[in-house]
Amino acid sequence: MKSKKMSKQAKFYVIEKTAMQGELSASEALACDLAADAWRLGKKVLIACETEQQALDLDEALWQRDPEQFVPHNLSGEITQFATPIEISWKGKRNAQRRDLLISLQREIPDFIASFNQVIDFVPTDEAEKAQARERYKQYRQMGWQLATENA
């Protein structure tokens, strides 16, 4: 039996509201929820933030969840006794651990994209950010990724 090469998949969530959830944007809050869902399915997740401050905000939001909603996670570069299932990184800072799913909050496609088969990206309501998302979408298509969109 021939092994079928796994196709690379990118899913874009189209954010329909600008509402903030606490300190997080709608995209950031959804990124946390999707990371938690993926972890519950047994996946190792990397959330790639644009800035260290954004990573710190997501880290704080994940710590503030109710105990039954707790998600084991760490910031890139933190020394942990065991590898956590969810790592939060930012530009120029990332551990080398293999991950199953990339949740990208970055404005451009990360340069380490080739090591992933599954990516989640976001199309915010802001027009400038929407244009950047369209550009990323085109780039994924040019790289041969399977693309999907979902309204959030």
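Figure 1. On a 1 Å grid over the protein atoms alone, a pocket is an open set of points where a 1.4 Å probe fits, with protein on both sides within 12 Å along at least five of seven lines. Grid points are joined across faces, edges and corners, and a volume is the space filled by probe spheres set on the points. This is a predicted model, in which local features need pLDDT of at least 70 and side-chain atom pairs count only at pLDDT 80 or more, while totals for chains, interfaces and linings use all residues. Residues are numbered from 1 along each chain as its sequence is written, and side-chain values use heavy atoms, with hydrogens and water left out. The volume of the largest pocket is about 470 Å³. Its lining (residues with an atom within 4 Å of a point) has 23 residues, of which Ser25, Ser27, Gln54, Pro124 and Glu129 are the closest to the centre. Two or more lining residues come from each of α1 (26-40), β6 (118-123) and α3 (127-142); helices (H or I, at least four residues) and strands (E, at least two) are DSSP runs, numbered from the N terminus.

Figure 2. The 16 residues of α3 reach 23 Å from first C-alpha to last, close to the 22 Å expected at 1.5 Å a residue (the expected span is 1.5 Å times one less than the number of residues). Ala133, Arg136 and Tyr140 are its buried residues; buried means under 20% relative accessible area, exposed over 50%, and partly exposed in between (1.4 Å probe, protein chains only). Seen down the axis of α3, they fall within an arc of 60°, so they line one face of the helix. The arc is that of the directions from the helix axis to the C-beta atoms. β1 (9-14), β6 and β7 (146-151) are among the elements that cover these residues, by contact (heavy atoms within 4.5 Å). The face turned away carries the exposed residues Glu127, Ala128, Arg141 and Gln142.

**Figure 3. Helix α2 and its packing.** Helix α2 (residues 52-63) has 12 residues and spans 17 Å between its first and last C-alpha, close to the expected 16 Å. Buried here are Gln54, Ala55, Leu58, Asp59 and Leu62. Viewed down the axis of α2, these residues fall within an arc of 140°, so they line one face of the helix. They pack against α1, β2 (45-49), β3 (73-75) and β4 (86-90).

**Figure 4. Glu108 in its loop.** Glu108 lies in the loop between β5 (101-104) and β6. Glu108 counts as exposed because its relative accessibility is 55%. Its C-alpha is 11 Å from that of Cys49, 59 residues away along the chain.
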